[in-house]
Amino acid sequence: MSQQQPRREQGDQAADPIKYGDVFAVSGELGEKAVKPEDAAMMQSAETAVLGKTQQSGPAAAMQSAANVNVSAGLVQPGDVTDVAAREGVTVTGTAVPGANIITESVAGQVVAQYIQPTGAATTGGSRREITIGEALEAAGQTIPGKPVDQCDAAAIQAAEVRATGSDVITPGGVAATAQSAAAYNESMIKDEDKVKLGDVLSGATKVLPADKAATRQDAEGVVGAELRNKQDMSTTPGGVAASVTVAARMNERSQQQQS
């Protein structure tokens, strides 16, 4: 879990504060906001509540570093809080998968970090059960349940279903078909509250898939490629389908290495 250090162009004499967009891969209103001391304090509290302590080199540490620079430069004041962070919240959540939790840290609804925390749970015989593609899909639905389904999501979900079942035939009424219908429906909707969300489509994915398999690096690459081909900025959605399958594949590889 590595976090970027605050970025500054050479010659920049701190005329502007360090913003969220300088530290994390975030966009919109949040990306233009200065990182402030109370933002970091909120993330420290959230990490401690869920993980038991603040994570070294994690989002809270990166935010604290940026906030300290901003305070030292006189660009923000001690006790200041960013309005969007105060309004929409700072969260740390854990999604349980076999043998681990997928930890997701967010500021104002935007994912700033996602990583694996092993739980030590093992199956009979001491070998850890691997995370399936279906379970990774469910994890994505739990991580960002309120994200409206778009064509990028639908493409990634279809690639995941193909990998899970080993068949190019999309199951009628299955998770991929439902995602495609949701994406098409959402294109006709203007307001996000009227759109079908990722959590609606991916809830119970393991039960809907006609077959499933442990996620591998090759599976992750296929899902990532499908998602990227449908995004103009050529970046995967933090906490989304491709990211979750990638995390699952990485966890499975680690488990295999530990057992060998």
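Predicted model: local features only at pLDDT ≥ 70, side-chain atom pairs only at ≥ 80, totals over all residues.

User: Start with the whole chain. What secondary structure does the chain come to?

Analyst: Twelve helices and three strands.

User: And how does its radius of gyration agree with a compact globule?

Analyst: For 260 residues, a compact globule would have a radius of gyration near 18 Å, and the chain has 20 Å, so the two agree. Along the principal axes, the C-alpha trace spans about 60 × 50 × 30 Å. Buried residues account for 44% of the 260. Looking at contacts between residues at least 6 apart in sequence, 65% join residues at least 24 apart. The accessible surface is about 12500 Å², with 48% of that belonging to carbon and sulfur atoms.

User: Now the sheet. What is the strand order, and is the pairing parallel or antiparallel?

Analyst: The three strands are ordered 1-2-3 in an open sheet, and the pairing is antiparallel. From one strand to the next, the twist averages 20°.

User: How do you know that strand 1 and strand 2 pair?

Analyst: Pairing takes at least two bridges between two strands. Eight bridges join strand 1 to strand 2, so that pair passes. One spot to check is Gly94, which stands opposite Ile103 in strand 2. The two strands form a hairpin with two residues between them, and Gly99 in the turn has a positive phi of about 80°.

User: How many bridges do strand 2 and strand 3 have?

Analyst: Eight, in the antiparallel sense. Here Ser106 stands opposite Val111 in strand 3, and the bridge partner of Val107 is Gln110.

User: Which strands are called edge strands, and what makes them so?

Analyst: Strand 1 (90-97) and strand 3, since each pairs on one side only.

User: What lies across the sheet strands?

Analyst: Helix 6 lies across strand 1, strand 2 and strand 3, and runs at about 160° to strand 1.

User: Why is helix 6 called mostly covered?

Analyst: Ten of its eleven residues are buried, where buried means under 20% relative accessible area. Among them are Ile133, Leu137, Ala140 and Thr143.

User: Is Thr95 buried or exposed, and how do you know?

Analyst: Thr95 has 3% relative accessibility, and the cut-off is under 20%, so Thr95 counts as buried. Thr95 is in strand 1. Leaving out residues up to four places away in sequence, Thr95 touches Ala100, Asn101, Ile102, Ala139, Gln142 and Thr143.

User: What about Ala243, buried or exposed?

Analyst: Ala243 comes out at 15%, which is under 20%, so Ala243 is buried. This residue sits in helix 12. Beyond neighbours within four places in sequence, Ala243 is in contact with Gln114 and Thr237. The C-alpha atoms of Ala243 and Arg163, 80 residues apart along the chain, are 15 Å from each other.

User: What is Leu202 in contact with, leaving aside its neighbours within four places in sequence?

Analyst: Leu137, Glu138, Ala140, Gly141, Ile157, Val175 and Val241. As for the general background, nonpolar side chains tend to be buried together in soluble globular proteins.

How values were computed. Residues numbered from 1 in each chain as written. Heavy atoms only, no water. Contact = heavy atoms within 4.5 Å. Helix = DSSP H or I, 4+ residues; strand = E, 2+ residues; numbered from the N terminus. Rg over C-alpha atoms; globule rule 2.2 N^0.38 Å. Buried < 20%, exposed > 50% of the residue type's maximum accessible area, 1.4 Å probe, protein only. Areas by Shrake-Rupley, 256 points an atom, 1.4 Å probe, with all protein chains shown as cover. Axes fitted to C-alpha atoms, helices over the stretch in contact; angles between N-to-C directions.
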